[in-house]
Amino acid sequence: MIKVSRFITLDNFITKQENHHVDATGEFTSFMHDLTFAVRLIAREVRSAGINDIIGLTNDVNVHGEQVKKLDMIANEIIIKSMNHTGKLAVMASEENEELIQIPSKYPKGKYVLVFDPLDGSSNIDVNVTIGTIFGLYKRVSEGEDNDGNTEDVLQPGYKQIAAGYALYGSSTVFVYTTGNGVNAFTYDPTVGEFILSYEGITIPERGKYYSTNEGNTYKWSQEFKNYINHLKEKSEDGFRPYSARYIGSGVADIHRTLLYGGIFAYPADVNSPNGKLRLVYECNPLAMLIEQAGGMATNGKDRILDLQPKNIHERSPLFLGSKYDVEECMAFLNGTK
C-alpha cells in the first residue's frame, strides 16, 4: 500500500484523471458523483438501521431463494433511484432484481451499463458487522443510444469493464475503485461531506499470510480443496506457514482485507453448489478487476474470472482471488499438480 502525500477529494481526483484523456466527455465523472451520492445515502441508512427499525427480514424472497433483509431492499432502491434518471445509463442489473432494470421512458438513456450488488454481506446486517456495495461498469454494446439496453449489454465478460469497485460500511465508509489504471481508496469524512483519498496505487502483496474461507463448509468441499486448506495450516521449513484464518462472512470485507494484506479469499464449488455460489456478473467480475489491477489474480479454479462469458445475469461461479503466489498454489492443488 502507498499512503497518500496529499489531501484530495474523490471528485477532484477523478477530474484530474480525466484531464489526462483527450477524448474524455465528463460523463464518467458525473456518473461517479451520482454513484457516490447513493453510497452516502446507504451509509446513512446503515448507521441508523437499529434506530429506524430497518434491520431484520421482509416477507419477500429474492430470485436466489433467499429471504430479503429490509436494508437490502432500501439499498437497492437507493441505487436505482439515484441512477435511473441521470442520462448516463442504458440499463442496470442487480442481485435483488430477477430481470434487468430498465431506465424509465421519461428519462434519457446513456452509454453505460451498471451492474451491482446493493448490499453484500446481508447475514451480518443485524449484528453490526461490516457490509458493502459492489459495482461494475460497462459501455453498452447494443445499438441505438435512445433505445433500452438489453441482456447483451449486461452479459459481457469481465475484462470489458471500464470501472469496478466497492463501498465498505464499517467503522468508516470506504470507497475503492479502479478504471483499469490502478486501485485507489477513499474514506468518507462526514464532517466535510466528502470522500478523501486515503490509499493511492494499492498493490496486493505477492504472497500473504492469511486465508479466508468458510470452513463450516468443509464437509461439502472437494478433497483437492481440503488438501489445500490443510496444507496452509501445516508448519513449513521456510516459516511462511501456517497461515492464519480470517473470515468475516461479508465477501466485500474479506476481499478488502485480502487486497490490503495479501493471502487468498476462496469460495469454492461444493456438493450443494456445484457451480459455485457467488454471482459472476455483479460480484466476481468487479472484485476480480480490482484484484488484478492491484497485481493479484482471480480465477474460478481453472480459468481467469474476467475471461468467462456470462450466460445469464444471475450466473454463479467459484471464486479464488488474492496474492498471485497464493492463488497459483491453490490452483495447483485444485488441478492435481501439487
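The accessible surface of the protein comes to about 14900 Å², and 48% of that belongs to carbon and sulfur atoms; areas come from the Shrake-Rupley method with a 1.4 Å probe, and for residues only the protein chains shown count as cover. This is a predicted model, in which local features need pLDDT of at least 70 and side-chain atom pairs count only at pLDDT 80 or more, while totals for chains, interfaces and linings use all residues. Residues are numbered from 1 along each chain as its sequence is written, and side-chain values use heavy atoms, with hydrogens and water left out.

As for burial, 55% of the 338 residues count as buried, where buried means under 20% relative accessible area, exposed means over 50%, and partly exposed is what falls in between (1.4 Å probe, protein chains only). The C-alpha trace spans about 60 × 50 × 45 Å along the principal axes. A compact globule of 338 residues would have a radius of gyration near 20 Å, and the protein has 20 Å, so the two agree; the radius is taken over C-alpha atoms, and the globule rule is 2.2 Å times the number of residues to the power 0.38.

The secondary structure comes to eight helices and 17 strands, taken as DSSP runs numbered from the N terminus (helices are H or I, at least four residues; strands are E, at least two). Of the contacts between residues at least 6 apart in sequence, 64% join residues at least 24 apart, with contact meaning heavy atoms within 4.5 Å. On the charge side, there are 33 positive and 43 negative side chains, and the centres of the two sets lie 4 Å apart. Lys and Arg count as positive and Asp and Glu as negative, leaving out His and the chain ends; each charge is placed at NZ of Lys, CZ of Arg, CG of Asp or CD of Glu.

Next come the aromatic rings. Rings of Phe, Tyr and Trp (its six-membered ring) pair if their centres lie within 6.5 Å, and planes under 30 degrees apart count as stacked, over 60 as edge-to-face and the rest as tilted. By this rule there are 13 aromatic pairs. One of them is Phe13 with Phe186: the ring centres are 5.3 Å apart and the planes sit at 70°, so the pair is edge-to-face. This pair links distant parts of the chain, with Phe13 in helix H1 (residues 10-18) and Phe186 in strand S9 (residues 183-189), 173 residues apart. Both Phe13 and Phe186 are buried. Trp221 and Phe225 also pair edge-to-face, at 4.7 Å centre to centre and 80° between the planes, and here too Trp221 and Phe225 are buried. Ring pairs also tie Phe13, Phe135, Phe175, Tyr177, Phe186, Tyr188 and Phe195 into a cluster.

Turning to the helices, Glu27 and Thr29 both belong to H2 (residues 27-47). Glu27 is partly exposed at 23% relative accessibility, whereas Thr29 is buried at 14%. Setting aside residues up to four places away in sequence, Glu27 touches Glu18, Lys88, Lys111 and Tyr112, and Thr29 touches Ile14, Thr15 and Glu18.

Ala253 lies in helix H6 (residues 251-261) and is buried, with a relative accessible area of 7%. Beyond residues up to four places away in sequence, Ala253 touches Thr130, Leu168 and Ile248. Ala253 and Thr130 are 123 residues apart along the chain, yet their C-alpha atoms are separated by 6.4 Å.

Helix H7 (residues 280-293) has 12 of its 14 residues buried, so it is largely enclosed by the rest of the structure. Among those buried residues are Tyr282, Glu283, Cys284, Asn285 and Met289. Gly295 follows H7 and has a positive phi, near 100°. Another backbone detail is the cis peptide bond joining Arg241 and Pro242, with omega about 15°; Pro242 is found in the loop between helix H5 (223-233) and strand S12 (244-245).

Finally, helix H8 (residues 324-334) holds Ala332, which is buried with a relative accessible area of 16%. Leaving aside neighbours within four places in sequence, Ala332 is in contact with Thr337 and Lys338. Ala332 and Ile79 are 40 Å apart in space, C-alpha to C-alpha, and 253 residues apart in sequence.
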